[in-house]
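Please look at the sequence and the three-dimensional view before reading on.

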Amino acid sequence: MLTAHTIKVLQSLDKKKFRQKYNLFLVEGNKTITELFNSNFKIKEIFSTDPQKLDRAEAPITHISDNELKKISFLQNPKDSVAVCYLSEEKKLNDGNLQLILDGIQDPGNMGTIIRLADWFGIEQIICSKDTVDFYNPKVIMASMGSFTRVNIIYTDLVEYLSGTKNINIGTDMEGENIYSFSKPEKMNLILGNEGNGMRPETERLLEKSVMIPRFGQSQSTESLNVSMAAGIILGQLFSEKG
């Protein structure tokens with residue numbers, strides 16, 4: 001049976017300050033939890049309504065009731081298990097040939113989808129501005145569907161990073177080069193800006209090129225694409241290029 005204190009601590013992990021205070025975050029659902037077993041993330045404890053499905057030596061498992069699961073889950077319809085994990089220490093990898101740079105992305109769903117896209121296309125590292133949504137946010141973890149275990153994510157001063165990188169800094173802009181005729185450089189950073197405001201001016205000043213997705217529809221009523229949707233289209237085209 002879960003104690004009132006444990007429930008209170010776990011419920012508080014939807015806020016960044018408490019995740020940092022306790023050095024913990026939550027992962028929900030057996031499918032995503034099993035991905036943790038093959039990652040560098042350490043599990044503190046698993047709470048499950050059906051422990052036999054997750055009977056692994058890696059972490060202690062506590063059997064809980066459906067009602068208890070509802071109390072500690074951030075889902076409206078909780079699935080089966082919740083894993084309590086330790087935050088991982090940030091460690092920057094060497095610049096890859098293609099990296100995603102997030103400048104002030106705020107929506108957890110967008111962040112989680114972008115992490116999934118990076119995983120799908122084999123992009124090993126995402127570099128974020130310090131005000132980008134925390135990837136340990138429960139909604140980001142859920143939206144990433146386990147991909148957060150395979151993509152290295154770091155938070156840093158973007159101006160400092162973009163000023164020193166040897167990768168070509170490429171942003172998105174409606175006045176940019178058509179993505180379908182764009183020639184991909186050997187090493188590049190694809191920079192994605194805030195959902196409402198785009199890139200901040202100090203980031204924009206460090207761009208060497210910009211790309212745009214042409215609009216094919218006759219209607220001019222759609223002003224822009226969702227940032228994660230745009231990222232998917234651009235990455236699909238970049239990876240379709242030969243060589």
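The model is a predicted one. Its largest nonpolar core has 49 residues, and a search of the whole structure finds 8 aromatic pairs.

**Nonpolar cores**

- Within the largest nonpolar core, the residues with the most contacts are Met 111, Ile 126 and Phe 135.
- Helix H9 (residues 227-240) supplies the largest share of this core, namely 6 residues.
- Another core, of 12 residues, lies apart from the largest one; Ile 7, Leu 13, Val 82 and Val 84 are among its members.
- Leaving aside residues up to four places away in sequence, Phe 135 touches Phe 41, Met 111, Ile 115, Val 140, Ile 141, Phe 148, Ile 153 and Tyr 155.

**Aromatic rings**

- A pair of aromatic rings is described by the distance of the centres and the angle of the planes.
- Phe 25 and Phe 148 form an edge-to-face pair, with 6.1 Å from centre to centre and 85° between the planes.
- Phe 25 belongs to strand E1 (residues 24-28) and Phe 148 to the loop between H6 and E7, so this pair ties together parts that are 123 residues apart in sequence.
- Both Phe 25 and Phe 148 are buried.
- Tyr 180 and Phe 216 form a tilted pair, because their ring centres are 6.2 Å apart and their planes lie at 50°, an angle between the limits of 30 and 60 degrees.
- Tyr 180 is partly exposed, at 40% relative accessible area, whereas Phe 216 counts as exposed, at 65%.
- One aromatic cluster is formed by Phe 25, Phe 41, Phe 135, Tyr 136 and Phe 148.

**The second largest pocket**

- The second largest pocket holds about 560 Å³ of space.
- Its lining consists of 22 residues, and Ser 88, Glu 89, Phe 135, Asn 152 and Ile 153 lie nearest the centre.
- Helix H2 (16-22) and strand E7 (152-156) are the elements that each give two or more residues to this lining.
- By residue type, the lining comprises 9 nonpolar, 5 polar and 8 charged residues.

**Two buried residues**

- Gly 146 is situated in the loop between helix H6 (138-144) and E7, and it counts as buried because its relative accessibility is 0%, under the 20% limit.
- Beyond residues up to four places away in sequence, Gly 146 touches Thr 32, Glu 35 and Ile 141.
- Ser 228 is found in helix H9 and is buried, with a relative accessible area of 8%.
- With residues up to four places away in sequence not counted, Ser 228 touches Asn 110, Thr 113, Ile 114 and Leu 117.

Terms used. Residues are numbered from 1 along each chain as its sequence is written. This is a predicted model: local features need pLDDT of at least 70, side-chain atom pairs count only at pLDDT 80 or more; totals for chains, interfaces and linings use all residues. Side-chain values use heavy atoms; hydrogens and water are left out. On a 1 Å grid over the protein atoms alone, a cavity is a set of points where a 1.4 Å probe fits but cannot get out, and a pocket is an open set with protein on both sides within 12 Å along at least five of seven lines; lining residues have an atom within 4 Å of a point. Grid points are joined across faces, edges and corners, and a volume is the space filled by probe spheres set on the points. Helices (H or I, at least four residues) and strands (E, at least two) are DSSP runs, numbered from the N terminus. Ala, Val, Leu, Ile, Met, Phe, Trp, Tyr, Cys and Pro count as nonpolar, Asp, Glu, Lys and Arg as charged, and the others, Gly among them, as polar. Buried means under 20% relative accessible area, exposed over 50%, partly exposed in between (1.4 Å probe, protein chains only). Contact means heavy atoms within 4.5 Å. A nonpolar core is a set of buried Ala, Val, Leu, Ile, Met, Phe, Trp, Tyr and Cys residues joined through side-chain atoms within 4.5 Å. Rings of Phe, Tyr and Trp (its six-membered ring) pair if their centres lie within 6.5 Å; planes under 30 degrees apart count as stacked, over 60 as edge-to-face and the rest as tilted.
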